[in-house]
Each structure stands twice: as structure tokens, then as C-alpha cells.
Amino acid sequence: MLKSPYDTDCITWSPQGRLYQVEYAMEAIKQGSLCVGLKSETYAILATLNRAPSKLAEYQQKIYMIDDHIGLCFSGLTADGRLICKFLRTEALNYKYTYGTNCNPGRLINRLSEKAQIKTQRSSKRPYGAGCLVAGFDEHGPHIYETNPDANFYEYYAYAIGSRNQSAKTYLEKNFETFPGATRDELVKHAIKAVKVSTQGDVELNGKSVSVAIVGQGQQFEFVDEKEIERVLESLNQEMEVEV
């Protein structure tokens, strides 16, 4: 549904100086699944709240491995998120084939932003309808990046995107000062708790509806086991019962 004659392509400015198609793409992220990213001095973690299209369907995967040292999660249009994942995998593979070493996460994010910028400059294209949180590790330590359809990207200590992200952001803002010295298990618990507080009890959480992945020093990118996620959720439920 078109709002105005100024949203038929991504290079037509409205009288107010707005690009509606870029704004629509940013809105798609706000309506997507919740994604949380945080890091310590040695680890970076991604956590997502997975959705199922119906009761008869499996949960959709939102976290993807790009290389041994980098992975991403996305919120927004699933097809666009998978396209971004494919692009980053190709770039990482080409870099490793050419130079014989892992590609720097910041370099990959810069390449993605250049590609996203092209989508906002040609009338035959449209902006990506997905935003990403990227976790990576290099010689300088762990990193958490956010990318947007408007081609901006930022690095954070901790961040959340997607629906109901404000509750997760509030939790992260209150606790991010404790993250640098946190252990792996403590960081996993913080990530899952950030997801949990955003649901406000409306969604049943288990090892399938919540996905967590970690990368860090001496730790290749890998997914946290479902049983470990369920143990953490059970522990959080017990803590909430004691507080009540």
C-alpha cells in the first residue's frame, strides 16, 4: 500500500526531505524478531527470539555463521536477511582464499554498508528490509556491530533490535558495565535474560524458541546447546519466583 506519490522508488525525496522507502525498511526491522548482542573482554554473544509462522511450523532460524570467527542475527524480512548472510559468506571466503587469513569483521561490515548504500541510490533497487547484529573476533578482541538499511553501521558494547527491543535495551543499559569482566556462562545468562524481559511473559521460552551463539578468544563461532539454554531459563524462573 502506497502512502504517497513519493514512495514509488528510493531516490525520490518528499517535500519534507524524507525517503519513504528507506523509512519503510527501517520499520520492517522494528516489527521483526528480537535480536540481542553483547560482549565481554573475551567473548561476543548473539541471542534471538525465534518465531514460528504457525503452530504447525518449526521456528525460523535467525542466527547464521559467516566464518569461524564471525556470525550474525537479523530482524526484518527473512529473505533479505539470508541474502545478506550469503553476501558476507562470499566476501569472507574470497578474502581467505586471496590472503590466506580470516577477514576482519569491521572490513566485512564496511563492505556490507557499501552494498546497502547502492540500494538507496538506484531507482531499480530497494533498500534491504533487514537489520543485522554481527558478532566477530579479531586480534583486538570481540566486536558487536549493528547494520541498517540506510547503510549506517555502529559498534556497541551491547545492543538490541527488533520488536519490543526497548525492554532489552533497558536491561542492557543497567548491566553493561559488568559485561567486560563476565565469564562465558554469565554472559550467556545476561543475553537470555535480556530476551526474557522483552517478552514480558507473553511468549513461552524454551531451547527452541531462544537461540544463542558465541564467539571469542579460543572459541570458534558456535551455537549454545538447547539443554544449556533451558537450564538458564529454569534458573531465571526460579530467581523471579524468589523475588516475588
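Me: Where is the place of Arg-164?

Reply: Arg-164 sits in the loop between strand 8 (158-161) and helix 4, where helices (H or I, at least four residues) and strands (E, at least two) are DSSP runs numbered from the N terminus. This is a predicted model, in which local features need pLDDT of at least 70 and side-chain atom pairs count only at pLDDT 80 or more, while totals for chains, interfaces and linings use all residues. Residues are numbered from 1 along each chain as its sequence is written, and side-chain values use heavy atoms, with hydrogens and water left out.

Me: Why is Arg-164 called partly exposed?

Reply: The relative accessible area of Arg-164 is 43%, and buried means under 20%, exposed over 50% and partly exposed in between (1.4 Å probe, protein chains only), so Arg-164 counts as partly exposed.

Me: What is the phi of Arg-164, which is not a glycine?

Reply: Arg-164 has a positive phi of about 55 degrees, whereas most residues other than glycine have a negative phi. Ala-151, in the loop between strand 6 (141-147) and strand 7 (153-156), also has a positive phi, of about 80 degrees, although it is not a glycine.

Me: How do you know whether Ala-151 is buried or exposed?

Reply: Ala-151 has a relative accessibility of 13%, and because this is under the 20% limit, Ala-151 counts as buried.

Me: What makes helix 4 oblique to helix 5?

Reply: Helix 4 (residues 165-175) and helix 5 (residues 184-199) pack at an angle of about 140 degrees, with their axes 7 Å apart. Angles under 35 degrees count as roughly parallel, over 145 as roughly antiparallel, 65 to 115 as roughly perpendicular and the rest as oblique, so the angle of about 140 degrees makes helix 4 oblique to helix 5.

Me: Which residues make the contact of helix 4 and helix 5?

Reply: Taking contact to mean heavy atoms within 4.5 Å, helix 4 contributes Ser-167, Ala-168, Tyr-171, Leu-172 and Asn-175, and helix 5 contributes His-190, Lys-193, Ala-194, Val-197 and Ser-198.

Me: Why does Lys-196 count as buried?

Reply: Lys-196, which lies in helix 5, has a relative accessibility of 16%, and since this too is under 20%, Lys-196 counts as buried. Leaving aside its neighbours within four places in sequence, Lys-196 is in contact with Leu-205, Leu-236, Asn-237 and Met-240.

Definitions and conventions. Axes fitted to C-alpha atoms, helices over the stretch in contact; angles between N-to-C directions.
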